[in-house]
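Dear colleague,

I am passing on the structure below, followed by notes on what was found in it. Please read the notes with the coordinates open.

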Amino acid sequence: MNPILNYNKGVITIESIHPLYDKSIECLLCKQKSTTKKVRSRFVKVAKYDTDFCPVHADSAVNPLYYNIFVCPHCGFSYSEDFSRHFPPHYNGNHFGKSQLPVGSPSF
């Protein structure tokens, strides 16, 4: 954690900022709201690149690639911020079939 100084009404306090923060998301498929973790950009420091151009981060515990994909805790649908928010008009939610949905998933 990085310390920061706060100046409030003549009092200086030192607080720590955690590299991860909570982000509210809405599932693109089931529309349920939940929270996920994201990495603050100030903590993303690339130490080097592998031969396949994959970044190696200075702090392996703060690797933004681990927090790039959101998984809905309600229906199990996974997506990133790069996904389109719109599904084709003919999509009715039964694309995977009931046998492939996780146990406890809502039926569509």
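E26 is partly exposed, at 30% relative accessibility (buried means under 20% relative accessible area, exposed over 50%, and partly exposed in between, with a 1.4 Å probe and protein chains only). Its salt-bridge partner is K33, with 3.2 Å between the closest N and O atoms, and K33 counts as exposed at 63%. A salt bridge here is a side-chain nitrogen of Lys or Arg within 4 Å of a carboxyl oxygen of Asp or Glu.

This is a predicted model, in which local features need pLDDT of at least 70 and side-chain atom pairs count only at pLDDT 80 or more, while totals for chains, interfaces and linings use all residues. Residues are numbered from 1 along each chain as its sequence is written, and side-chain values use heavy atoms, leaving out hydrogens and water.

The structure holds four salt bridges. One of them joins K37 to D22, the closest N and O atoms being 2.7 Å apart; because K37 lies in strand β4 and D22 in strand β3 (residues 20-26), this pair ties together parts that are 15 residues apart in sequence (strands are DSSP runs of E, at least two residues, numbered from the N terminus). Another joins E81 and K23 at 2.4 Å, N to O, and as E81 lies in the segment after β8 (78-79) and K23 in strand β3, the parts tied together are 58 residues apart in sequence. K23 and E81 also belong, with K38, to a network of salt bridges.

Notes
Helices (H or I, at least four residues) and strands (E, at least two) are DSSP runs, numbered from the N terminus.
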